[in-house]
Each structure stands twice: as C-alpha cells, then as structure tokens.
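Trainee: I am new to this structure. Could you walk me through it in short steps?

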Amino acid sequence: MLNRKASTKNCIKGLLSFMRPYRTKAIIALVMIVITQGAFALNPMVEGMITSQLTEDAIAILDQVPGAHVHFDVIFRIMMILMGLYLLKTISQLITTFFLTDAIQGTMHDLRNALQKKIQRLPVRYFDDHPFGDLLSKVTNDVDALSNALQQALTRVFGGILTFIFVITMMLRINIWMSVIALLIIPFSLIITKFVVGHSQRLFEKQQATLGELNGTITEMYGGFNEIILYGKQEDAIKRFEDVNERMCNASFKAQFVSSLIAPLISLCTYLAIGGVAVLGCIFVIQGVITVGNLQAFIRYIWQINEPLSSISQLSGQVQSAFAGMGRIFGMLEEEEEVLENPNPIVLHDVKGMVKFEHVQFGYDEELLMHDVNIDVKPGQMVAIVGPTGAGKTTLMNLLLRFYDVKGGAIKIDGVDIRDMPRESLRSLFSLVLQDTWLFNGSVYDNIRYGRRDARKDEVIEAAKMANVHHFIRTLSQGYDTQLNEEANNISQGEKQLLTIARAILKDPQILILDEATSSVDTRLEKMLQEAMQRVMANRTSFVIAHRLSTIKNADLILVLQHGNIIEQGTHESLLAKKGFYEKLYHSQFANQESA
Ligand SMILES: Nc1ncnc2c1ncn2[C@@H]1O[C@H](COP(=O)(O)OP(=O)(O)OP(=O)(O)O)[C@@H](O)[C@H]1O
C-alpha cells in the first residue's frame, strides 16, 4: 500500500489548526515583519535626504549665495531619524524571530506528538505495508522540512511581498519612468528563474535518487559488516561505495552549479537596470525633476527588490519539499484508526483464562488462510503450537491479541468475545516472551520493571530470581543499573530471553504467550531457560510456539497447524497414536532432541 497523501487544501487546513494555539504569537511576528519592512523601505529615502541636503548646501556655497553654509543641524536631525529607523528595524526583527520561532517550534512539537499518538492508535495491519524507516522519516525529516520552510517562507516570502509593495510605492513616488525601467527586472528575473529551476529540478531529483542509493549502500554495508569480512568482500564493498560516491559527487556538482546560476543572472539584470536608471536619473537631476538624494535612494531601492528575487529559487525548493512532507504528515494523520465496534465494552475481572476459538476464519488479504479453526483451552492449561514454517502459528497469536480481527467466527476469553472488550484491557491480560526479545535503551532494572511500572525494587529482584537471571545480573559491572545499549547486543540472546521472562513474571499476567527460541544455547543456559519458563507458565493459561521436545511432552494440548488450519489436536501420546501429520512432524523436528 502506498503512503496516503493529503490534498493541499487539507494540508493547509490541518497546519492552520495546529497553529491555532500559537496564533497570537504568529500575528505579533507578522505585524513585526510589516514594521521591519516598512523601516527597511524608508531607509534609502532618508539617506537620500542627507545627500540632497549636502548637495544643495554645496551648490549654494559654490554659487556664493549670501549666508550659504552646510546645514549640520538639519543633517543631524535626519541622521537621528535614520538611527531611529535602524533601531526600529533591528528590534522588530528580533521580536519577529523570537515569536515566529516560538510559534513554529510549538506547532512542530504538537505535530510530532500527534504523529506519535497516531502511530499508537493505528491498526497493526498498517505497519505491514509501512516500513519503520518511512515512519521515522515522517516524524523527523518531514516535520523538519516543514519547520524550515515555515521559518524561511514566512519571513522571506511575506517579507519579500511587503518589500515589493513598499519599495514599488517609494519608487513610484520618486519617478514613474525610472520605475518602469527598474521594474523590468521582475519579468526578466521570473523568466530566468523558471528556466534555471526547470533544469535544476531534474538535477536535484537525480541528486536525491543518488543520495538514496548512497544511503542504501551504507546501510547494507554496515548491516552486513560481518558477512562482508567473512566472505573477504571488502574490496568489492569499497569499490561499490566509491562508484556511488563518485556519481553522487557529479550529480551534486551539476545540481548545485546550475541552481547557483540564478543569483548572478538576476544580479546582471539588476546591474543593467541600474545602468539605465542612472542615465535617465542624471538627466532628470540636471533637469531638476528629481534631487540627487532621490536618485541615490532609487538605486538602493533597486537593490532591495533584487534580494527577494534572488532567493525565489531557494525558497521554491524548500516550499516544494515542505508541501511534499505536509502531504505525507497529514496523510498519515488522516489514516483510519483502530475502532471499537462495541459501544459498551466489557472489561473482564477475575479472569480465569478460558480461551475459545469458535469457527474462526482469517486471511491477511482477500484469500483465507484459516478456514474453520476451533480451539478449546481450559483455565491454566499449557497449549503447545506446532507446525512447519509459515503454517500460521504466529497468526494464531496475532488474532488472540487482536492485532488483526477475525473474518468469521469468534475468539472468546472466559466466554466473552474479544471484540467486545476494549483493546487495552484485552492486551493487559497477556504477557509475551518472544524469540526476538525487545529490550530498550535503559537500565536492566527499568527493562524488567517495564512489565509493571509501579513495581518496587525488591519485587523486581524477586522476579529476576524466579527467572534465573538474578545471578547473571549480579555479575554485570553495575548490576541492575547496567545500561543496555540500543540493540542490547552487550548481552547474549539467552540472557535477553531470561530478562523478558523476568519482565513477564513481574507483570503476572492471566495468559502467557511464549515463543521458544530456535537458536541453541549452551546446556547450562538451556536448563535455566527451561526452569524459568516452567515457573512463568505455572498456574496460568499459556500458549507456547514450541520448538522443544520437553514442551510438547508436557503440554496439556498440542495444536498441529498446517497451511493456516488446525489439522490435528490432542496430547503428545494421543497424537502419536494417531500416526498422522504430527507423528511425521515429531520424527522430523523433535525426536532427534531425544538423543541430543
Ligand atoms: N502481516 C502479514 N501480511 C501478509 N501475510 C502474512 C503476514 N504475516 C504472515 N503472513 C503469511 O501468513 C502465513 C502464516 O504466517 P505465520 O507467521 O503465522 O507462520 P508461522 O507458522 O508463525 O511461521 P514461522 O514458524 O516461520 O514463524 C504465511 O504464509 C505468511 O507468509
């Protein structure tokens, strides 16, 4: 499934609703931008007044007009006004940055929180089609792109528009014909920008694609670091990397070079306009139509409109990527969430742990994987699930946890359909001990306590003892305070599993789901694991995806799965006596453990 993309209208509506709590700050920032640009536009005019005054005084002195002198008092007053304008511009710019940054970062903070909350409410099915890297990219890169564009676009686009309005007004006040020449820059700049952006866009796309390739190569190399060394492929790896890196360098050079042509080309137009205005302006000064100061101010105005024009291309790229990011962000926020069908959900109390699958039908897509699954588990029973790979063992557990909904029939716990229970309350009945143990960046203590947040330290230690992991933890440099790294690769697979068993014991769930590790561990650890598993399973309904002979032999009920359906069920002895599929599976998968 592709990423859902929100329409531009919905993106803007969504963004405005996220910005609403910060509207006062945003409005203050916008008003400050108006003041900044106003002050900016007045500067050349006032500077020109000084020049005009000085020229007037100089001419009078040269003409030996009686009483002629330099009017320092007037010049001083104008300079005071000028200083006031500089100060006003600086202060309003500072206030703009403060309020705008505050409003934008607040909005981005809320947006990231909303995305995170959304991820928690999305059905598990959503994650089948949306890779982790993609979700990560939405919460980080897309939000960042939006934040940068807002920060830049709001000040520069809004500021740029105001500059145009103010500056053009001032130019027209000075002289209409000079304005016509100066404003010719605008259409020429737009033509140049369109032409260059058209070319650079394709080059940037190529650069992004090569960047993706480069990232992919790096991820692949670090992911398979051990294998590359093992097969002696370091030279190949370096060569492949160098090849992509070379292409990246070429692509980036072309994209950057072509796009950087805009600013000098627009400046060239500006110089030509200045040339034209200077010639015409001098004639007008000689004719007394305008003052020298006005001519000076006019030339400064031309430079003022050059700046926003030159930054159009840079902004257009940023705005485009922000819109792309917004489409993905708001598209995800529009995704359908998990819904609870029953308006009056039933919360179970004093759960006994009776589990029933009644004529369950299920398929991940249109095609059914399970056609008619019936299971009846009594409270406290240990159920072993066996079957070849892809038979549907994990799927059975996914249905029990309601990660997916059945397409027919029902699953009941203590006689209540799990669809009638709130999802959190259903899932709180379970503990999972999986092969792919999930430990997070934090202390050993925190990792075990994840099973029950309010557990005391002595309870955590007790659970660790029950899980046979206490002694191991004591051998770690900082005991329970030892930090596990991100992938917990500073401890072994078996030890990780013991820690998750301790977590499950601490939670004391009504029902346990356990996926036995297929990888072999040393005999001592194996024995510790076995004992710990026995303890955690005692007196509660447990489902074990079984890989060990001892498990199937001890099971109260064995479910034999093939192609998604339960083809046989019973105890080890009864199933062996049947001489059916289980017997074959037993001989191929389990019997060899007898001799081991
Ligand atoms: N999220 C999913 N989307 C689509 N098909 C899936 C999904 N998960 C599993 N399947 C398919 O459903 C079938 C049963 O898979 P399941 O993971 O339940 O098997 P399993 O018995 O647990 O296998 P294994 O022992 O290898 O873990 C397989 O054909 C698998 O390809």
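What follows is a set of questions and answers about this model.

Trainee: What kind of model is this, and how many helices and strands does the protein have?
Mentor: Start with the source: the model is predicted. Then take the secondary structure of the protein. The totals are 22 helices and twelve strands.

Trainee: What percentage of the residues in the protein are buried?
Mentor: The protein has 596 residues. A residue is buried if 20 or more other C-beta atoms lie within 10 Å of its own. By that rule, the buried share is 29%.

Trainee: Which spans does UniProt annotate as "transmembrane region"?
Mentor: The label comes from an unreviewed UniProt entry. In the model, residues 153–170 are 100% helix, with end C-alpha atoms 24 Å apart. Residues 176–197 are 95% helix, and their end C-alpha atoms lie 32 Å apart. The annotated spans are 153–170, 176–197 and 257–286.

Trainee: How far does helix α7 reach from its first C-alpha to its last?
Mentor: Helix α7 covers residues 185–223, which is 39 residues. At 1.5 Å a residue, 57 Å is expected. The model comes close to that, at 53 Å.

Trainee: Which helices are included in what covers the buried residues of α7?
Mentor: First find the buried residues of α7: I185, S189, I192, S200, F204, Q207 and T210. Then look at what covers them. The cover includes α6 (176–183), α9 (234–259), α10 (262–287) and α11 (292–310).

Trainee: Is E205 buried or exposed?
Mentor: E205 is found in helix α7. E205 has 12, so E205 is exposed.

Trainee: How far apart in space are E205 and A255?
Mentor: In sequence, E205 and A255 are 50 residues apart. Now go from C-alpha to C-alpha. The distance is 8.9 Å.

Trainee: Which residues of strand β10 are buried on each side?
Mentor: Strand β10 spans residues 541–545, and five of its five residues are buried. Both faces are covered. One side has T541, F543 and I545; the other has S542 and V544.

Trainee: Which residues of β10 are the bridge partners of V383 and L512?
Mentor: Strand β3 (residues 382–386) pairs with β10 in the parallel sense, over four bridges. Strand β9 (residues 511–515) also runs parallel to β10, joined by five bridges. For V383, the partner is F543. For L512, the partner is S542.

Trainee: Which are the edge strands of the open sheet of four strands?
Mentor: The order is β2-β1-β4-β5, with antiparallel pairing. An edge strand pairs on one side only. That gives β2 (370–377) and β5 (416–417).

Trainee: Which residue in β5 stands opposite K412?
Mentor: Strand β4 covers residues 408–413. Strands β4 and β5 pair in the antiparallel sense over two bridges. Opposite K412 stands D417.

Key:
Residues numbered from 1 in each chain as written. Predicted model: local features only at pLDDT ≥ 70, side-chain atom pairs only at ≥ 80, totals over all residues. Pairing = 2+ DSSP bridges. UniProt positions renumbered as here; feature names shortened; annotations may be inferred. Expected span 1.5 Å × (residues − 1). Contact = placed C-beta atoms within 7 Å.
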